[in-house]
Each structure stands twice: as structure tokens, then as C-alpha cells.
Amino acid sequence: SGAVHDFSKTAVEFVKGFTAGWNLGNTFENLDASKVGNITPTEAETMKWNPVTTKAMIDTVKAQGFNVVRIPCTWMMFVSEQNGVYTIDNAYLNRVQEVVDYCYDNDMYVILNMHHDDNEWLDITKTGDAWNAVKNEYAQLWTQIANRFKTYDARLILEGANEIIARSPSGDDWWGNDNSYFTRLNELHALFVNTVRGTGGNNAQRYLMIPTYGAQFYSHQMSKLVIPNNDSRVIVDVHWYTSGTDVEVLENTFSLFDSYFIDKNIAMVLGECGLLNSESNEKKAEWGDAFIGLATQHGIKCLLWDDGGNYKILNRSACTWACDTYVNAVVSNAFCGNAFAVSALPAQQYTGSALTPAVSVAGCTENVDYTVTYVNNVNIGRAVVYVSGIGDYAGYANTLYLYITPAGVSPPTTTAPG
């Protein structure tokens with residue numbers, strides 16, 4: 001497209017370019033600590049039930065209207081240590097980069113993180129020399145990851161951690177009952193930002209993400225997060241899994257996001273959210289309207305969790321959607337932000353081929369100011385057309401419906417925007 005993916009915007013302005021997001025879950029973050037140094041990248045990627053990731057999968061995600069992919073990644077199984085020097089296996093870095101490029105080359109935003117390492121060595125309960133050793137390894141790994149991607153433009157976002165909490169044999173502390181845990185987590189976030197920035201190139205300005213404690217959404221955790229150096233290109237990541245659709249109840253938490261982040265001009269995203277695939281189609285549609293719709297009203301972008309299992313959204317081998325109702329509800333509500341003035345589309349007669357009537361946006365030029373994505377635009381029925389702003393219009397969008405009638409049946413004159 002004609003979009004400029006530079007670092008001129010604050011993170012608040014930058015995330016306005018996100019529409020809907022999708023997580024490539026249970027893939028690169030798979031972890032078996034017993035196999036450190038004794039597993040291939042492919043074996044790790046397919047350790048659970050998901051197949052090897054393909055470009056066709058990412059193309060399917062893009063075609064549906066998603067423009068953000070988060071790639072959860074666990075690194076420790078491919079890290080070797082010698083004389084205090086930690087090295088990420090080059091074959092693993094190459095494979096991760098290959099999948100990053102599936103998204104990046106598709107003109108999508110891609111978020112790459114450090115995921116389940118916090119289940120093992122990335123331990124915020126450690127103190128003294130043991131904590132310094134953790135920070136040393138952390139900085140060495142992020143230096144290597146950041147250097148690998150330092151020439152990438154703003155489409156690539158790095159995320160320092162996933163859901164870091166205090167873990168112990170007696171149980172996991174998801175609340176954060178010791179203030180020292182928050183102190184060390186904030187120290188780790190500062191180390192992440194400073195380490196990436198210090199590698200230079202585009203990393204000196206790259207948009208970076210950091211989670212709250214456990215990526216939790218309560219005041220107790222959100223209030224204790226410190227933005228390193230008050231860096232205006234840092235994005236906060238919060239995870240919120242709820243099947244609730246009562247807008248008044250949901251609003252209570254969204255109001256907290258406003259208070260702690262949005263109203264303070266701090267960018268945030270819901271990096272993980274979504275419904276179990278056992279929920280009914282009706283429930284999924286209702287949730288898309290209520291949860292995603294309310295998030296969009298608050299200017300908060302959402303990334304659906306897809307683990308290929310209980311939260312499966314994409315049938316990855318077939319590149320089909322497990323529930324069209326669900327993804328359509330999510331994507332259409334994600335596109336309801338700053339609305340373009342879009343002309344209605346005339347209905348079309350079925351031809352057996354994809355129908356792509358031109359979309360006109362007042363005062364704008366396609367592929368310079370906006371892009372157009374057509375979904376389900378071959379068969380008779382209702383197609384969905386997503387109009388997404390780029391460049392100076394990032395954050396603007398609209399959704400149109402295109403009706404396809406049987407051949408020989410005169411279509412109605414126009415179809416109003418959705």
C-alpha cells in the first residue's frame with residue numbers, strides 16, 4: 001500500500017492504525033523444559049496440535065480484515081550458555097523471522113514477544129545475585145532479538161514479556177501480594193526498553209509493548225505499572241477474558257482503562273481476549289457487538305486469542321474460519337471507530353468470480369489514504385467490505401455490505417453502508 005510506516009507518531013496515535021488482531025497461539029510459545037537444546041524448530045512449533053504455520057494462514061487472516069498478528073514466542077528451548085554468554089539458536093531465529101515476514105510482507109502489524117520464559121527462568125521472585133543473573137540473560141536475549149529485526153519499520157512491535165507473575169512451588173500469585181514483585185517487574189520493563197533502544201537503527205524509536213503484572217486488568221496491578229522513561233512509544237498490554245455481554249458491567253472495567261491509561265495519554269491494547277469455541281454462534285455475535293464494540297468506542301484495540309484448541313478461531317490446515325459469525329462480528333465492530341464518509345455500493349449480480357466494485361471515500365485516494373478488503377464476495381448473499389485508513393488516515397474506517405443477487409435478477413439500486 002501507499003502507507004508510510006515510520007515512527008513519527010506517539011504510541012497513542014500509532015495504535016489507531018490497528019483494526020482487529022489475531023494471536024498465533026500454541027505455536028512458537030510451546031514449552032517443554034525437559035527438551036531445552038534437544039528439539040528442532042519444527043518439533044517445537046508443532047508440539048501441541050497445530051500444524052506448521054504457512055503464509056496461506058496469514059493471508060486468510062489478512063483477507064478477513066485483521067491487520068495485526070501477535071506471535072507469542074518462548075525462547076528458552078533454543079538458548080545455549082557458555083561462560084555466561086547466552087546464544088539463541090540461529091535456526092530458530094530464522095524460522096521465527098520467516099513467520100514474522102509472512103505478516104510484515106502482507107502489510108500487517110506484527111507483535112513478537114517473550115512468552116512462557118516467565119514460567120521458568122524469568123523469575124521476579126529472585127533477589128540479589130540471582131536477580132542480576134536473570135536480568136543479564138534477559139538483556140542478552142533481547143539484544144539478539146532486537147538486532148535481528150533492527151531494520152524493520154514500524155509494522156514490527158516487540159513485547160518484552162507476557163504474563164509475568166510470582167511463581168513458586170506453593171502456588172502462583174496472580175494478584176501480586178508483595179510490592180517487591182512490582183518493583184522488579186518495572187525494573188525488567190525498563191531494562192527491556194533500554195536494551196532494545198540501545199541496539200540502534202529503527203529500534204531507537206520502535207514501538208514497544210509491556211504488560212501489567214500478569215497482564216491483569218484490576219486497579220491493583222494497573223496502578224503500579226511504570227512506563228520506562230515516560231517513553232511515548234510504549235504500549236501497555238492487558239489481557240481480559242470474559243464472556244460477559246452486559247454493557248454496563250463491561251463499562252466498569254473499560255472505565256478503569258480510561259483512568260489508568262487512555263486519559264493519561266498512554267497507549268494500551270487488549271493483547272489477548274476472546275471466547276471459548278464451545279459458545280453458541282448467537283453468543284459470539286452478541287459478544288462481538290458488546291465487547292469489541294465497547295472497546296472500539298473507548299479507542300482500545302483487541303487481539304483475539306486463538307490456540308487452535310478451546311479458543312480455536314481459524315482452521316489452520318484448511319485456512320477456513322471455525323465460526324464466520326464470530327470473526328465477522330469482531331472485525332465489523334473493530335471497524336466502527338472514526339468513520340470515513342463512504343459512498344453506498346450498488347448491489348451486484350452473481351458471476352462466479354470475486355466481485356470488487358470500487359469504493360469511493362470523499363476527499364481520499366485508494367491505496368494512499370485507505371485500503372479496501374472484500375470478504376465473502378463470490379457467492380450469492382451478503383459480502384462484507386472493510387475500508388481501512390492508512391497514512392494520515394490511520395484509525396479511520398468503515399464497513400459496507402455488498403449484496404450479490406442471482407444472475408438475471410435485477411439488483412436494488414444501492415446498498416447502504418453497514
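A polar contact here is a pair of N or O atoms within 3.5 Å; within protein, one must be able to donate a hydrogen and the other to accept it, and residues adjacent in sequence count only if both atoms are side-chain atoms. This is a predicted model, with local features needing pLDDT of at least 70 and side-chain atom pairs counting only at pLDDT 80 or more, while totals for chains, interfaces and linings use all residues. Residues are numbered from 1 along each chain as its sequence is written, and side-chain values use heavy atoms, with hydrogens and water left out.

View 1. Look for Asn30 in the loop between strand 1 (20–23) and helix 2 (41–45); helices (H or I, at least four residues) and strands (E, at least two) are DSSP runs, numbered from the N terminus. A polar atom of the Asn30 side chain sits 3.5 Å from the backbone oxygen of Asn26. The backbone oxygen of Glu45 is also 3.5 Å from a polar atom of that Asn30 side chain.

**View 2. What packs around Asn30.** Asn30 counts as buried because its relative accessibility is 2% (buried means under 20% relative accessible area, with a 1.4 Å probe and protein chains only). Leaving aside residues up to four places away in sequence, Asn30 touches residues including Met47, Thr74 and Met77 (contact means heavy atoms within 4.5 Å).

**View 3. Strand 11 and its neighbours.** Seven of the seven residues in strand 11 (residues 267–273) are buried. Ala267 is the bridge partner of Ile235, and Leu270 stands opposite Cys302.

Note on methods: Buried means under 20% relative accessible area, exposed over 50%, partly exposed in between (1.4 Å probe, protein chains only). Two strands pair if DSSP finds at least two bridges between them.
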